[in-house]
Amino acid sequence: MILAKEKIRNYLWEKIKETYPISWNDLQLTFPPDISMGDLCFTFPFKLARLIKKNPRQIAEEIAEKLKDLEDVAKIEIAGPGYINLFLNQERFFLERLRSLDQSQLRPEERKIIVEHTNINPNKAAHIGHLRNACLGDTLVQCLRYKGEKVEVQNYIDDTGVQVVDVVFGFMELEKKSLEDLEKIPGRFDYYCWDLYTRVSAFLSAHPEAQAKKAEILRKIEHGEPPEAQYAYYISRRILKAHLATMKRLGITYDVLPCESSILALKFWEKAFQLLKEKGGLIYSEDGPNKGCWVMRLEGDQEREKVIVRSDGTVTYVGKDIAYQLWKFGLLGGDFYYEPFQQENGHIIWITTSEPRECPVSFGRASKVYNVIDVRQSYLQKIVAQGLKVLGYEEQADKSIHFSYEMVALSPKSLKELGFEVIEEEKERSFYEVSGRKGLGVKADDLLDRLESKALAEVEKRNPELSQEEKINIARQIACGSIRYFMLRFARNSLLIFDFDEALNFEGETGPYLQYTGVRLNSIFRKLQEREGFQPADLSAWINSEFLPLDGMDEKERSHFWELVIYASQYEETILESIYTLEFAHLAKFAFNLCQKINSYYHLYPILNEKNQDLRKIRLLTVAYVLAILKKLLALMGIPLPERM
RNA sequence: GCGCCUGUAGCUCAGUGGAUAGAGCGACGGACUCCGGAUCCGUAGGUCGCAGGUUCGACUCCUGUCAGGCGCGCCA
């Protein structure tokens with residue numbers, strides 16, 4: 001109802017802008033606390049009262065006069081000390097909304113947007129912490145695309161970092177495995193490395209002298225020297241495939257996979273370093289603790305310096321990130337080469353390479369960038385943005401958005417369920433941080449497997465007549481919907497303390513509840529078709545007629561109907577608001593509330609058994625309207641809608 | 001020490017300065033020969049951490065304070 005509100009605001013604005021000291025922004029339309037008080041509400045009389053020293057109620061009455069001729073508004077009431085409550089013309093509004101269901105009222109604002117998410121180190125299996133990142137990131141992508149933006153999804157692969165080095169170390173030094181041996185490891189390679197990684201971490205902390213060997217491996221990998229670099233390549237690619245498969249189970253995919261190895265080989269950092277030195281963004285530290293390093297000073301905090309280039313001349317992680325960020329905006333003056341990494345249903349996932357070749361695609365050059373990274377990296381993300389700023393790219397720095405969110409932790413109960421013992425001094429903690437290093441976490445695929453088998457058991461119970469294949473397919477959709485809703489339902493600043501009972505629940509505020517609602521609404525139309533040959537065309541005929549028999553409803557039903565329609569009509573505002581605040585819990589809650597309302601509605605007002613044709617028509621239209629919106633919302637959240645469940 | 005975040009029902013969490021602070025879970029009690037009970041309806045449960053301030057109006061903004069978390073590496 002964005003346009004509907006705009007229309008009323010514009011109408012009033014034209015009438016009062018000359019006579020009252022008021023700005024367009026003051027004319028916000030809010031919702032009264034209860035639908036019986038009105039559909040929309042102006043509160044600006046209170047502000048105005050202060051400015052022109054008049055009673056707000058009197059102002060409200062004066063202004064309400066001016067809205068009288070607007071045909072969208074059926075009634076105006078002045079309430080309390082000066083609220084202007086509007087009642088909309090219900091028939092007109094509902095018909096208009098039904099007819100414009102397929103036309104989005106949102107408009108794009110950017111030339112191109114890059115969303116970077118997932119970014120799992122390719123040295124172990126994905127865990128629930130990574131799921132939160134990917135689910136938030138993908139929902140942002142879907143919402144931006146709905147808004148009409150051109151979006152490019154990047155998943156950064158740190159294939160030469162210390163985490164991969166640890167696993168290379170494990171294979172070479174601890175397991176003494178050759179590359180051929182690695183290729184022979186059967187089954188879930190990411191799971192194998194999950195265990196190996198924790199063994200390496202334990203080994204390294206017990207044998208500090210082994211750090212030298214590790215540093216040597218890192219150096220060789222960074223310079224592409226065999227065989228270490230080949231190990232790293234093999235491991236990172238095989239695990240990357242596992243990660244992509246995991247994310248595919250959740251309906252999440254990517255456009256391009258920029259690799260750190262490519263950034264190194266193509267000397268992106270050297271280019272960025274040159275720029276930073278020229279513009280004076282980096283300072284060479286002559287003495288003090290950072291002697292011999294190139295450092296950056298954080299704005300407003302001259303005390304603290306962040307080392308970008310170490311005294312041995314190597315670049316830190318932040319430095320590489322600045323180069324990558326510059327590339328995303330097309331400011332680096334260089335590009336990667338690309339080759340297809342995977343292909344599915346005609347969609348190619350490209351990966352970067354440093355080997356020159358003809359490329360049919362190119363990436364980057366965005367006007368806005370979202371980096372989906374947990375809150376612990378806030379400081380570093382600030383430095384990355386600062387890097388752009390000192391180069392004079394103020395605008396790009398402002399459009400480098402750190403989409404931060406709190407981490408995922410484990411409840412004490414979940415920890416116990418995973419078979420971990422809590423050490424004495426940590427007994428008091430109410431949560432435990434997920435740690436790949438310690439092997440402490442719930443693997444994404446394990447969680448999905450558990451959800452699928454639980455869902456399958458439920459489907460068996462409810463729909464025994466379906467084929468095994470159908471049942472499995474439904475169970476997969478339920479598992480996916482369950483996780484995706486779960487990862488979205490908490491505000492991003494809220495620490496997500498993972499609990500198995502909660503995550504495996506299919507009742508109440510859960511993904512399956514939303515799916516179930518959709519399935520049942522669909523089944524109303526299916527039944528109607530089976531019994532009476534009802535066709536979708538019948539619906540559009542009603543929508544295109546000039547008349548809706550709203551008066552056939554009694555007072556109680558009419559208010560239920562109207563409350564539902566008004567609520568449902570706010571979906572695009574909610575999408576927009578979720579994008580602006582990066583708070584997709586709003587979107588999730590909105591979908592959930594909508595489901596509660598429609599469930600309650602059709603429980604109260606039967607359709608198939610209703611004899612009164614007018615009532616039947618209105619109820620059907622209402623259900624069709626809500627269902628159409630619910631389908632949009634589910635798609636945005638990546639929650640599949642099964643045929644049955 | 002400095003910076004950021006969080007304190008709301010027994011538990012997990014919502015709550016663009018606006019009217020009577022809401023959900024889910026858990027507990028208790030109910031539901032139509034019905035379009036699917038993964039549903040619906042009801043009951044109980046709150047000094048919105050504490051104290052000031054701004055405002056016609058504060059869970060929301062400001063200040064202080066207490067409690068918890070996370071950052072502040074020549075790690076990534």
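Reader: With which residue does Glu 557 form a salt bridge?

Author: The model is a predicted one. In it, the closest N and O atoms of the pair are 2.7 Å apart, within the 4 Å that a salt bridge requires. Glu 557 lies in helix α22 (residues 555–568) and its partner in helix α25 (residues 613–637), so the contact ties together parts that are 62 residues apart in sequence. The partner of Glu 557 is Arg 619.

Reader: Is Arg 619 buried or exposed?

Author: The limit for a buried residue is a relative accessible area under 20%. Glu 557 has 3% and is buried. Arg 619 has a relative accessible area of 4%, and therefore counts as buried.

Reader: Which residue forms a salt bridge with Arg 188?

Author: Arg 188 is in the loop between α7 (179–184) and α8 (189–206), and its partner is in helix α17 (residues 444–462), 261 residues apart. The closest N and O atoms are 3.5 Å apart.

Reader: In helix α17, how many residues apart are Glu 458 and Lys 461?

Author: The side chains of Glu 458 and Lys 461 meet in a salt bridge, at 3.4 Å from N to O. Glu 458 counts as partly exposed at 22% relative accessibility, whereas Lys 461 counts as exposed at 61%. Both lie in helix α17, and their separation is about one turn of the helix, that is, three residues.

Reader: How many bridges join strand β11 to β12?

Author: Strand β12 (residues 347–353) is mostly covered, with five of its seven residues buried. It is joined to strand β7 (residues 256–257) in parallel by two bridges, and there Leu 257 has Ile 351 as its bridge partner. Strand β11 (residues 337–344) runs antiparallel to β12, with Tyr 337 standing opposite Thr 353. The number of bridges between β11 and β12 is seven.

Reader: Which residue in the hairpin of β11 and β12 takes a positive phi?

Author: The hairpin has two residues between the strands. The positive phi is near 45 degrees, and the residue that takes it is Asn 345.

Reader: Of what kind is the aromatic pair of Phe 498 and Phe 500?

Author: The count of aromatic pairs comes to 29. In the pair of Phe 498 and Phe 500 the centres are 5.1 Å apart and the planes are at 85 degrees. Phe 498 is buried, at 0% relative accessible area, and Phe 500 is buried at 3%. Planes over 60 degrees apart define the kind, and the pair is edge-to-face.

Reader: What is the angle between the ring planes of Phe 561 and Trp 562?

Author: Phe 561 and Trp 562 are both buried. The centres of their rings are 6.3 Å apart, and the pair is tilted because the planes stand at 45 degrees.

Reader: Over the face of which ring does Lys 454 lie?

Author: Elsewhere, Lys 75 lies over the face of Phe 87, at 4.4 Å from the ring centre. For Lys 454 the distance to the ring centre is 4.7 Å, and the ring is that of Phe 506.

Methods: Residues are numbered from 1 along each chain as its sequence is written. Chains are lettered from A and ligands numbered from 1 in the order in which they are written. This is a predicted model: local features need pLDDT of at least 70, side-chain atom pairs count only at pLDDT 80 or more; totals for chains, interfaces and linings use all residues. Side-chain values use heavy atoms; hydrogens and water are left out. Helices (H or I, at least four residues) and strands (E, at least two) are DSSP runs, numbered from the N terminus. Buried means under 20% relative accessible area, exposed over 50%, partly exposed in between (1.4 Å probe, protein chains only). Two strands pair if DSSP finds at least two bridges between them. Rings of Phe, Tyr and Trp (its six-membered ring) pair if their centres lie within 6.5 Å; planes under 30 degrees apart count as stacked, over 60 as edge-to-face and the rest as tilted. A charge sits over a ring if NZ of Lys or CZ of Arg is within 6 Å of the ring centre and within 35 degrees of the ring normal.
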